[in-house]
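Student: I've got a protein model to look over for class. Can we go through it together, one question at a time?

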Amino acid sequence: MELAELIGLRPVPAGGVLVTLTRRCPLRCAHCSTGSAPEVREEPEAEALLRFVSSFTAGDRPEVMMLTGGEPLLRPRLVAALARSARAAGTRTALLSGMFFARQGGLPAPIRQAVRTLDHFSASLDLPHEREVPRAAVFRAVREIREMGVAVSFHLTGTGEDDSYLADVTADIARTFGGTVPALVNEVRPFGRAASWARPARTAPDGEGALPCAMAAWPVVAFDGTVLACCNQDTVDRRPAPPHLRLGHVAEDDWAAVRGRTLGSPLLRLVRTVGPAHMWSRWSPGTPADSYCGACRRLSERPEPAAAADAVASGAAGALLDLTSARRQHDDGPVALVRRHGCAAYADLVAAPGGERTRYPAAGGTGS
Ligand code: SF4
Ligand code: SF4
């Protein structure tokens, strides 16, 4: 599974699920947004995760399961077990790693076995990471993984299109891998690793106009096993979660329940189709909000947005509105999505070399 297909699925409601396997990480990157470190011990129960993933079926499953952290490869046997279980239902698995193991040269056996079960492997790379793991070691490990037949990509983070680090590392990747390895380039923002697959856009194109949130499409399993509607780090970390952004818990709910809440919530449908800023300005003008996501997190604090959402986005009409918006964003393709949500100047890199358009998932995949 190439990066372009993966990113192309990002706006599809319940088209994927993000699973954080642990907050722990052997590295200590200065910019870490998840508060990860070697001594942190917060992770969902393996048994609950396995039970949740085993509820995927051929007729009702996400197209892709993204494993992230912290460092997901600190639980290599769990990675392999989850990937095998997902594959039995037809779901493909991708993983994002901070590449701690690359420092020692060569993949340790348990990690090698876990990586073999994946459909896509992505390596994080940025300036703080390079202080922890040398770039040459990361390149060596990525080459080794590609030789195992697993599709690979880089996840790069910088300060923006003028960042000389981004210019240097993208040129180095192109030179080293002959332009055959795609990259997703993001700008540093207050979002966690789960958000690395595309982040909320920063501003509405026309002030308070509609700005859909593609991040409200894929459920996210947080470090405590709670399932949230998005990857905003405050939403992932703070408890209690806003009621409209809490989809369940892996110890209690199966995929069908989580998917049903993702697709069926009128508030989430509107977050996905017009975005929170537009909802406040239309239905409760003058309500102050600190940010795009801050406005969203407060949507269940007052009755007006929920009442308006029930009126315009429930039932079959709301489902059609949601589907139409998702299909339009999907059909615009991964490069357009990264132009909006990532670092626009490097958006084209997401499509190399697997940049062909992919079809909108059929009902069997996402149940939409
Ligand atoms: S590799 Fe990622 S999760 Fe680990 S410390 Fe660095 S930024 Fe945080
Ligand atoms: S808080 Fe709301 S607007 Fe922000 S990423 Fe989550 S769903 Fe989207």
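Student: Which residues are the closest ones around ligand 2?

Tutor: Keep in mind that this is a predicted model. In it, 10 residues surround ligand 2. The closest of them are Cys213, Cys230, Tyr292, Cys293 and Cys296.

Student: And which helix gives the largest share of the shell around ligand 2?

Tutor: The shell draws at least three residues from each of domain 1 (3-263 + 333-363) and domain 2 (266-318). The largest share, 3 residues, comes from residues 292-297, and that stretch is helix H12.

Student: By class, what kind of residues make up the shell around ligand 2?

Tutor: Let's go through the classes. There are no charged residues and no polar ones in that shell. Cys and Tyr both count as nonpolar here, and the tally for the shell is 10 nonpolar.

Student: Okay, zooming out: what percentage of the residues in the protein chain are buried?

Tutor: A residue counts as buried when its relative accessible area is under 20%. The protein chain has 16 helices and 9 strands. Of its 368 residues, the buried share is 61%.

Student: On to charges. Which residues are linked with Arg135 in a network of salt bridges?

Tutor: Side chains of opposite charge can pair when their charged atoms come close. Arg135 meets Glu130 at 2.9 Å, N to O, and Asp172 at 2.8 Å. The network linked with Arg135 holds Glu130, Asp168, Asp172 and Arg175.

Student: How many residues apart in sequence are the parts that Asp172 and Arg135 tie together?

Tutor: Both Asp172 and Arg135 are buried, and their side chains meet in a salt bridge. Asp172 lies in helix H7 (residues 164-177) and Arg135 in helix H6 (residues 135-147), so the pair ties together parts whose separation in sequence is 37 residues.

Student: Is Glu130 buried or partly exposed?

Tutor: The cut-off for buried is under 20% relative accessible area, and exposed means over 50%. Arg135, its salt-bridge partner, has 14% and is buried. Glu130 has 21%, so this residue is partly exposed.

Student: How far apart are the closest N and O atoms of Arg238 and Asp234?

Tutor: Arg238 has 45% relative accessibility and Asp234 has 34%. Both values fall in the partly exposed range. The two residues form a salt bridge, and the distance between their closest N and O atoms is 3.1 Å.

Student: What is omega for the cis peptide bond that joins Gly69 and Gly70?

Tutor: Gly70 is found in the loop between strand S2 (64-68) and helix H3 (76-89). The bond joining Gly69 to Gly70 is cis, with omega about 15 degrees.

Student: Where is Pro240, at the end of the cis peptide bond from Arg239?

Tutor: The bond from Arg239 to Pro240 has omega near 0 degrees. As for its place, Pro240 sits in the loop between helix H8 (233-237) and strand S9 (246-249).

Student: Last one: what is phi of Met99 near?

Tutor: Met99 lies in the loop between strand S3 (92-97) and helix H4 (109-116). Met99 is buried, with a relative accessible area of 0%. Its phi is positive, in a residue other than glycine, and is near 70 degrees.

Notes
Residues numbered from 1 in each chain as written. Chains lettered and ligands numbered in written order. Predicted model: local features only at pLDDT ≥ 70, side-chain atom pairs only at ≥ 80, totals over all residues. Heavy atoms only, no water. Helix = DSSP H or I, 4+ residues; strand = E, 2+ residues; numbered from the N terminus. Buried < 20%, exposed > 50% of the residue type's maximum accessible area, 1.4 Å probe, protein only. Near = heavy atom within 4 Å. Domains from an automatic or database assignment. Salt bridge = Lys/Arg side-chain N within 4 Å of Asp/Glu carboxyl O.
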